[in-house]
Amino acid sequence: MEVIIRPDEADAARLVARLVARQLRQKPDSVLGLATGRTMERVYAELTRMHRKEGLDFSLCRTFNLDEYVGLAPTDPQSYRRFMGEQLFSKVNIDIRNTHLPHGQAPDLKAECLRYENLIRSVGGIDLQVLGIGESGHIGFNEPLSALQSRTREKALTPVTLAQNAPLFGPDREMPTHGITMGVGTILESRRCVLLAAGEAKAAVIAKAVEGPITAMISASALQLHPCCQVIVDEAAARDLKATDYYRWIFENESDWAPFRDDPRGSGVAK
Ligand code: GLP
């Protein structure tokens, strides 16, 4: 695992967008794993900008989102399908038939989960998986005690996640209590993954996920098992990390990161 600390949320999101763009340029028919959540909005805005201004091409790529709420129609304003449409799919030249999310209203959820797993397998697996992290330590909707080898399935949401996401549904609407999510095992099979976290609210959980023990209580800690995982955080989310000198040294000195050190649109250089 590598941890990269950027000065602020905008720089961190831009770095993730640049990693996705590099993947697409190297392999235009990449299979991308995508995530939702407020943190991702800046990433999709930057990818949209790159599409419009730099010709970043999405025409051949395929996408699989991590999760969806059980019970919500794809047209529901709070569904992740709708989020993806609004934030990215309608703004770039992606073929909508190549975009996949679990169906939250599938009559047989077990069959739907199996279909999703098989679909990912049938395209050869995920090349690059983008991840956020919930305050419960979840990746996707893999709440505490998700088996580290779990596959796509239905999962009950914890009170922490309900509290984190309920404001998005507004005061007059109950949010769903369950999600369909790729499993931790499904995520670990992606060839590369990049997790983005920003803001103080994520500081404690990032420290547990990155520097704590691998435990099913913090699903994101399973990423320590992944052979190629990068965690991108802003200074606020890095607050509780201990080995920050080492992480900063990696970004400043390792040749893999050289193309990303100059951020022409950046707000500053990480100290
Ligand atoms: C939801 C998604 C997660 C995501 C999380 C982060 O719960 N199911 O995949 O990581 O949101 O949310 P935010 O970026 O809004 O903090």
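User: What counts as a salt bridge, and which residue does Arg49 form one with?

Analyst: A salt bridge is a side-chain nitrogen of Lys or Arg within 4 Å of a carboxyl oxygen of Asp or Glu. In this predicted model, the closest N and O atoms of the pair that includes Arg49 are 3.0 Å apart, so the pair falls within that cut-off. The partner is partly exposed, at 42% relative accessibility, and the residue that forms the salt bridge with Arg49 is Glu54.

User: How many residues apart in sequence are the parts that the pair Asp76 and Arg173 ties together?

Analyst: The side chains of Asp76 and Arg173 meet in a salt bridge, with N and O at 2.7 Å. Asp76 lies in the loop between β4 and α3, whereas Arg173 lies in the loop between α5 and β8, so the parts that this pair ties together are, in sequence, apart by 97 residues.

User: Is Asp76 buried or exposed?

Analyst: A residue is called buried when its relative accessible area is under 20%. For Asp76 that area is 13%, and therefore Asp76 is classed as buried.

User: By about how much of a helix are Arg82 and Glu86 separated?

Analyst: Arg82 and Glu86 form a salt bridge in which the closest N and O atoms are 2.9 Å apart. An α-helix has 3.6 residues a turn, so residues three or four places apart point the same way. Because Arg82 and Glu86 are four residues apart in helix α3, their separation is about one helical turn.

User: Which strand pairs with β6 over four bridges?

Analyst: Strand β6 has Leu128 and Val130 pointing one way and Gln129 and Leu131 the other way, and all of these residues are buried. Strand β2 pairs with β6 in the parallel sense over two bridges, with Gly33 standing opposite Gln129. On β6, Leu128 stands opposite Arg192, and the strand that pairs with β6 in the parallel sense over four bridges is β9.

User: Which helix gives the largest share of the lining of the largest cavity?

Analyst: The structure holds one cavity of 30 Å³ or more, and the volume of the largest cavity is about 40 Å³. Its lining includes Arg6, Asp11, Phe251 and Asp263, and the lining residues divide into three nonpolar, no polar and five charged. The largest share, four residues, comes from helix α1.

User: Which helix is covered, at its buried residues, by elements that include β1, β9 and β10?

Analyst: The buried residues in question include Ala203, Val205 and Ile206, which belong to the helix spanning residues 203–211. What covers them includes β1, β9, β10 and also α8, and the helix is α7.

Terms used:
Residues numbered from 1 in each chain as written. Predicted model: local features only at pLDDT ≥ 70, side-chain atom pairs only at ≥ 80, totals over all residues. Heavy atoms only, no water. Buried < 20%, exposed > 50% of the residue type's maximum accessible area, 1.4 Å probe, protein only. Contact = heavy atoms within 4.5 Å. Pairing = 2+ DSSP bridges. 1 Å grid on protein atoms, 1.4 Å probe; cavity = no way out; pocket = protein on both sides within 12 Å on 5 of 7 lines; lining within 4 Å. Points joined across faces, edges and corners; volume = space filled by probe spheres on them. Nonpolar A, V, L, I, M, F, W, Y, C, P; charged D, E, K, R; others polar.
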